[in-house]
Amino acid sequence: MKKEDKAIIIAHIGDELKRYSCVYLTQTSGLNAEKTSALRRACFGSEIKMLCVKNTLLKEALQASETDYSGLYELLHGETTLMLSNTGNAVAKMIKKFRDKNDTLPMLKGAYVEETVYVGEEQLDTLANIKSKNELIGDIIGLLQSPAKNVISALQSGGNKLHGILETLSNKE
């Protein structure tokens, strides 16, 4: 491959890394064509960008990035498939769901999620259980709304009781 071609590919990978906040490195070798197509469809359905890249080109793109991906460098050996997403747990959930239907692939090599590096297959459950930013915002809003709803409910029920007492007293006279 020519040096110019490599530079173009590295720039393309770098542009993709800038567009996504979560980077997953997986191993998909061993999947046949049918299962690879199913994996690509699952990625597309979950808004995950899947790229099969050469390790040396990916490492150069990671090094050129403004983000510190140094914890992932040691994982760049063998076959590597890059999966990118803007939701921290989307890739991990998709991998687990895909494995339920198929087999033990893809395998997680490592991930960079929320400024933290996760290394190894055993981190898949941890990554799948991470709450996304939108899920956390929803939880906080729910917690904030709960006391307000209780106060409004108490005020409304108290008003109804007071209205009932006044009506009863007015009917006695």
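Author: A residue is called buried when its relative accessible area is under 20%, and exposed when that area is over 50%. Please keep in mind that this is a predicted model.

Reader: Why is L57 called buried?

Author: The relative accessible area of L57 is 5%. Buried means under 20%, so L57 is buried. L57 belongs to helix α3, residues 55–64.

Reader: Which residues is L57 in contact with, beyond its neighbours within four places in sequence?

Author: With those neighbours left aside, L57 is in contact with M1, K6, I9, I10 and I13. I137, in turn, is 80 residues from L57 in sequence and 37 Å from it in space, C-alpha to C-alpha.

Reader: What makes E122 count as exposed?

Author: E122 has a relative accessibility of 61%. Exposed requires over 50%, and therefore E122 counts as exposed. E122 is found in the loop between β5 (116–119) and α5 (124–129). Between E122 and G110 there are 9.7 Å in space, C-alpha to C-alpha, with the two 12 residues apart in sequence.

Reader: What makes the pair of Y69 and Y112 edge-to-face?

Author: A search of the whole structure finds one aromatic pair. In that pair, Y69 and Y112 have ring centres 4.9 Å apart, with 70° between the planes. Rings pair if their centres lie within 6.5 Å, and planes over 60 degrees apart count as edge-to-face; the pair is therefore edge-to-face.

Reader: Why is the pair said to tie parts of the chain together?

Author: Y69 is in the loop between α3 and β3 (80–85), whereas Y112 is in strand β4 (residues 107–113), so the pair ties together parts that are 43 residues apart in sequence. Both Y69 and Y112 are buried.

Reader: Which residues have the most contacts inside the largest nonpolar core?

Author: They are Y24, L39, C43, M83, M94, V113 and L127, in a core of 22 residues. Two or more residues each come from β1 (22–27), α2, α4 (90–101), β4 and α5. Helix α4 gives the largest share, five residues. Another core, of 19 residues, lies apart from this one and includes I10, L51, L62 and L75. In soluble globular proteins, nonpolar side chains tend to be buried together.

Reader: How do you know that the span of helix α2 is close to the expected one?

Author: Helix α2 (residues 33–45) has 13 residues, and at 1.5 Å a residue the expected span is 18 Å. From first C-alpha to last, α2 reaches 18 Å, which is close to that expectation.

Reader: What is found at the start of α2 and just after it?

Author: At the start of α2, a side-chain oxygen of N32 comes to within 3.2 Å of the backbone nitrogen of E34. Just after α2, E47 has a positive phi of about 60°.

Note on methods:
Residues numbered from 1 in each chain as written. Heavy atoms only, no water. Helix = DSSP H or I, 4+ residues; strand = E, 2+ residues; numbered from the N terminus. Expected span 1.5 Å × (residues − 1). Polar contact = N/O pair within 3.5 Å; in protein donor to acceptor, adjacent residues only side chain to side chain. Buried < 20%, exposed > 50% of the residue type's maximum accessible area, 1.4 Å probe, protein only. Contact = heavy atoms within 4.5 Å. Phe/Tyr/Trp six-rings, centres within 6.5 Å; stacked < 30°, edge-to-face > 60°. Core = buried A, V, L, I, M, F, W, Y, C linked by side-chain atoms within 4.5 Å.
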